[in-house]
Amino acid sequence: MSTTVIVIIVVVAVIVLWLIGAYNSLVRLRNNRENAFANIDVQLQQRYDLVPQLVNTVKGYASHEKELLERITAARSACMNAQTVNDKVAADNMLTSALAGLKVSVENYPDLKANQNFLQLQSELADIENKLAAVRRFFNSATKELNNSVQSFPNNLIANMFGFHKEPMFEVAPEQRAAIEKAPTVSF
């Protein structure tokens, strides 16, 4: 066997091994992102399970806030029925917005704020929101790693061949952006 044939075989073997390594790396990153979203799903499920209890507690005190409570219920339902990652992100943003309205509404009911059931539910919801923030950061980190790999040369060649593409981050909904960027009002 000539040295030319051996060199060609070695080059082809190196290329094949690189292709396999790059593909497996992309699969690992995609699975890491999916796992990160599964962690978000767990926290969202806990949040969705807590919302009806919170709504029922508030109902007793705030019966005229029916529209807000219906928005929360509808948003929770949309979250439960969302199928894709992007649908779940949009539905979660809708629920987050509705829950923010509930927090504002609760300020009008001093008795409700002192109710032990409400305080416990509010504490649990705050804990879940903190956990959600953490798993969302992890999801965005996993998404960033996948996107960097998918868009970087030479992995982008493999990514294009096998249908890997840039994935969206978990971001604040555009309708919430203005409210978040505004400094909070503190009054005593």
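Which residues does Ile 40 touch, not counting residues up to four places away in sequence? Ile 40 touches Leu 132, Val 135, Arg 136, Phe 139 and Phe 170, where contact means heavy atoms within 4.5 Å. The legends below concern a predicted model, in which local features need pLDDT of at least 70, side-chain atom pairs count only at pLDDT 80 or more, and totals for chains, interfaces and linings use all residues. Residues are numbered from 1 along each chain as its sequence is written, and side-chain values use heavy atoms, with hydrogens and water left out.

**View 1. The nonpolar cores.** The largest nonpolar core has 25 residues, and Ile 40 and Leu 95 have the most contacts inside it. A nonpolar core is a set of buried Ala, Val, Leu, Ile, Met, Phe, Trp, Tyr and Cys residues joined through side-chain atoms within 4.5 Å. Buried means under 20% relative accessible area, exposed over 50%, and partly exposed in between (1.4 Å probe, protein chains only). H1 supplies the largest share, 8 residues. A second, separate core of 9 residues includes Ala 22, Val 27, Leu 146 and Ala 159.

**View 2. Aromatic pairs.** The count is 3 aromatic pairs, a pair being rings of Phe, Tyr and Trp (its six-membered ring) with centres within 6.5 Å; planes under 30 degrees apart count as stacked, over 60 as edge-to-face and the rest as tilted. Tyr 23 and Phe 164 form an edge-to-face pair, 5.9 Å centre to centre with 75° between the planes. Tyr 23 lies in helix H1 and Phe 164 in the loop between helix H6 (155-161) and helix H7 (174-181), so this pair ties together parts 141 residues apart in sequence. Tyr 23 is partly exposed at 30% relative accessible area, whereas Phe 164 is buried at 6%. Phe 37 and Phe 139 also pair edge-to-face, at 5.5 Å centre to centre and 65° between the planes. Because Phe 37 lies in helix H1 and Phe 139 in helix H5 (residues 116-151), their pair ties together parts 102 residues apart in sequence. Phe 37 is buried, with a relative accessible area of 5%, and Phe 139 is buried, with 1%.

**View 3. An aromatic cluster.** Tyr 23, Phe 162 and Phe 164 form one aromatic cluster.

Note on methods: Helices (H or I, at least four residues) and strands (E, at least two) are DSSP runs, numbered from the N terminus.
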